[in-house]
Amino acid sequence: MQFLKELAIDAHNYGVSTGKNWHGSKQNGELEVFSPVDGKIIASVYPASAEEYGDTVKQAATAFNVWRLTPAPQRGEVIRQIGEELRLSKNALGTLISYEMGKSLQEGLGEVQEMIDICDFAVGQSRQLYGFTMASERQEHRLYDQYHPLGVVGVITAFNFPAAVWSWNAMIGAVCGNTLVWKPSSKTPLTAIAIQKIITKVTTANDLPEGIFNIIVGSGAEVGERLLADKRIGLVSVTGSTKVGRHAAKVVAARLGKCILELGGNNAVIVTESANLQTAIPAVVFSAVGTAGQRCTTTRRVIIHDAVYDTVKEALLKAYASLRIGSPLEEKNHMGPLIDINAVKEYEQALQTLQEQSGKVIFGGNVLSGGEFLSGCYVEPVLAEVENKYEIVQQETFAPILYLIRYSGSVEEAIALQNDVTQGLSSSIFTENLREAELFLSASGSDCGLANVNMGTSGAEIGGAFGGEKETGGGRESGSDAWKAYMRRQTVTINYGTTLPLAQGIKFEI
Ligand code: UN1
């Protein structure tokens, strides 16, 4: 396949790299990477041994000594060049993401675009690592805060955004002066290997030491657990399920390390009486079936006012009937496969539980087989009528299952339903009514990290801080002032006088 060649992905690949140096261990066997698109093996990877893990982090710690002293705008210049390389590789990398993960080619390309955008953002950020200057209460004193890099930052990413989520962490983390150790998902390691090769072109051209950007492919037990417990790693950013995050938080907290958690969502769209359905319906459909329902921002619940419930239900049924499922590499298709057979099993299990809990499936629910669906990973998207309180509705099932929930009273009732889950990532409301929109955004409104008006729950821009509340973990990545989590703050007080006034007016004479 031409795109694999272009990205220097071979039939067998090493999974550990500090830059130009690549390693991998055959002692744990080879990790075979299957495409959910056609079920074929794309390539295989030699994962890391415990020793290779240790050596890589050591290299990252050594490189930090150089990188932290490189002026931040010069670090930004390196990131600018990475953005340029990504522009050149956009088609090949977008195609690999689509083929390895199963999202549509449009979304694969979109993910590379997110990487390019965060590079541009990080370049600007490299000149804006601002601290405040405060007025000192003491005479001839200066008081200000400054930000220093943290050290080695670990980044653990999930299969569903095999490139973009890493880049939010890595590009911001790198302009802040940190070195990065990336553990990609074992389901999508080839995208990570391709990216590492792109990055290495830039670090080599700039004569940078090995160890600024590192990847370690390996299992959770072999690599992930070590990384969480590793005292040399000041900050660990974890994207994954709430279960994974809960464990990670415990292990990192036990050594008083820092964590950025971006975990599960259970995102809802509220469709009010006054909603513009011309925009609401396509927004709900895209947010529910995009990436085959495997975004943390996927719309899982649509909370519809009684007055428009039947109209919305009919419009959704019609839209779902027109969806084309098939190879994500073909532009005509709206929805590709789930990541693997296990994900299909979870989809089936969730539908069975849903029916046991009195949910009513009104569209879809079948696993597709034969012909172009040979990989066994293609499923029909589902519409189901439920009550918000059902246990299955309270959970995040990483599949294209959309729950329809009715509300009959005021928008306060809809907001209460939307907040009545344990997760708190993304939320949206469709309304033409200013009072409803403002209420949704107020302190008594949506309790999520992301709140949108007249648009879907997915597809956030990189310029905002991305993350959620409650069991979504509370972390923030990407834009706005999320960079501060990747640095340590230092409050500095300088006495430029010749006396020693004490704070709070305390007198101490000797
Ligand atoms: C994720 O699913 O982990 O907002 C990230 C979005 C994308 C990122 C999703 N920009 O849908």
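Helices here are DSSP runs of H or I with at least four residues, numbered from the N terminus. Keep that numbering in mind while you select. The model on screen is predicted.

**Stop 1: the largest pocket**

Select A158, K187, G240, S241 and V244. Of the 42 lining residues, these are the closest to the centre of the largest pocket. The pocket has a volume of about 1100 Å³.

Next, colour helix 7 (220–229), strand 11 (233–239), helix 8 (242–254) and helix 11 (341–356). Each supplies at least two residues of the lining. Helix 8 gives the most, with six residues.

Now colour by class. The lining of the largest pocket holds 20 polar, 12 nonpolar and 10 charged residues. Then colour by domain. Domain 1 (2–263 + 473–490) and domain 2 (267–453) each provide at least three residues of this lining.

**Stop 2: the second largest pocket**

Move to the second largest pocket, with about 580 Å³ of space. Pick Q106, E107, F286, G290 and R295, the closest to its centre among 35 lining residues.

Show helix 4 (105–125), helix 5 (164–175) and helix 9 (277–289). At least two lining residues come from each. Which helix supplies the largest share of this lining? Helix 4 does, with eight residues.

**Stop 3**

E107 sits in helix 4 and R295 in the loop between helix 9 and strand 14 (299–305), so the pair ties together parts 188 residues apart in sequence.

Are these two residues buried or exposed? E107 is buried, at 11% relative accessibility. R295 is buried too, with a relative accessible area of 10%.

**Stop 4: bridges within helices**

Select E77 and R80. Their closest N and O atoms are 2.9 Å apart, in a salt bridge. Both lie in helix 3 (residues 72–101), three residues apart, about one turn of the helix. E77 is partly exposed at 31%, and R80 is partly exposed at 35%.

Return to helix 7 and select R226 and E222. This salt bridge spans 4.0 Å, N to O. The two residues are four apart in helix 7, about one turn. R226 is partly exposed at 33%, as is E222 at 22%.

**Last stop: a network**

Finish with E84, R87 and D120, which are linked in a network of salt bridges. The count for the model comes to 18 salt bridges.

Technical notes
Residues are numbered from 1 along each chain as its sequence is written. This is a predicted model: local features need pLDDT of at least 70, side-chain atom pairs count only at pLDDT 80 or more; totals for chains, interfaces and linings use all residues. Side-chain values use heavy atoms; hydrogens and water are left out. On a 1 Å grid over the protein atoms alone, a cavity is a set of points where a 1.4 Å probe fits but cannot get out, and a pocket is an open set with protein on both sides within 12 Å along at least five of seven lines; lining residues have an atom within 4 Å of a point. Grid points are joined across faces, edges and corners, and a volume is the space filled by probe spheres set on the points. Ala, Val, Leu, Ile, Met, Phe, Trp, Tyr, Cys and Pro count as nonpolar, Asp, Glu, Lys and Arg as charged, and the others, Gly among them, as polar. Domain bounds come from an automatic or database domain assignment. A salt bridge is a side-chain nitrogen of Lys or Arg within 4 Å of a carboxyl oxygen of Asp or Glu. Buried means under 20% relative accessible area, exposed over 50%, partly exposed in between (1.4 Å probe, protein chains only).
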